Amino acid sequence: MDQDRSPDLTPFEIDLTFEEARRRAEVVAALGPDWDPVAALEGEQAAYALLYSGLDAGQRRTYDMLVAAGVLPEGGPGRAPSH
């Protein structure tokens, strides 16, 4: 018997790769057959554009400052921050 292992303990192992794949499959199944990832992304992009539309000059300066500082992503495709 291994000296580092107590005789009262039962080894427990779990395959995290398998469990993550199972979890992802369950998420996709829960979304259902009508889920359209392209439409969902387009909806998110439209909501983002609407959120920052109609800003007055002061709000626009603040928005631009936050984008420059990397706090908010830039608008448009690929708007994720670089860090």
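Buried residues are those under 20% relative accessible area, exposed residues those over 50%, and partly exposed residues those in between, with a 1.4 Å probe and protein chains only. By this scale Arg-60 is partly exposed, at 36% relative accessibility. The model is predicted: local features need pLDDT of at least 70, side-chain atom pairs count only at pLDDT 80 or more, and totals for chains, interfaces and linings use all residues. Residues are numbered from 1 along each chain as its sequence is written, and side-chain values use heavy atoms, with hydrogens and water left out.

The chain has 83 residues, and 6% of them count as buried. Its accessible surface is about 7400 Å². Carbon and sulfur atoms account for 58% of that surface. Accessible areas were computed by the Shrake-Rupley method with a 1.4 Å probe; for residues, only the protein chains shown count as cover. The chain contains three helices and zero strands. Along the sequence the order is α-α-α. Helices (H or I, at least four residues) and strands (E, at least two) are DSSP runs, numbered from the N terminus.

Helix α1 covers residues 16-31. At the start of α1, a side-chain oxygen of Asp-15 comes within 3.1 Å of the backbone nitrogen of Thr-17. A polar contact is a pair of N or O atoms within 3.5 Å; within protein, one must be able to donate a hydrogen and the other to accept it, and residues adjacent in sequence count only if both atoms are side-chain atoms. After α1 comes Gly-32, with a positive phi near 90°.

The structure holds four salt bridges. A salt bridge is a side-chain nitrogen of Lys or Arg within 4 Å of a carboxyl oxygen of Asp or Glu. One of them joins Glu-19 to Arg-22, with the closest N and O atoms 3.0 Å apart. These two residues are separated by about one helical turn because they stand three residues apart in α1. Glu-19 is partly exposed, at 26% relative accessible area. Arg-22 is also partly exposed, at 40%.

Arg-23 pairs with Glu-20, and here the closest N and O atoms are 2.7 Å apart. Both residues lie in α1, three residues apart, or about one turn of the helix. Arg-23 is partly exposed at 42% relative accessibility. Glu-20 is partly exposed at 29%.

A further salt bridge links Asp-64 with Arg-60, the closest N and O atoms being 3.8 Å apart. Both residues belong to helix α3 (residues 57-68), where four residues, about one turn, separate them. An α-helix has 3.6 residues a turn, so residues three or four places apart point the same way. Asp-64 is partly exposed, with a relative accessible area of 40%. Elsewhere, salt bridges with shared partners join Glu-20, Arg-23 and Arg-24 into one network.

A nonpolar surface patch of about 360 Å² is formed by Val-27, Val-28, Leu-31 and Trp-35. Patches are made of residues with over 30% relative accessible area and no salt bridge; like charges are joined within 9 Å, and nonpolar side chains (Val, Leu, Ile, Met, Phe, Trp, Tyr) within 5 Å. Leu-31 is part of helix α1. Its relative accessible area is 40%, so Leu-31 is partly exposed.
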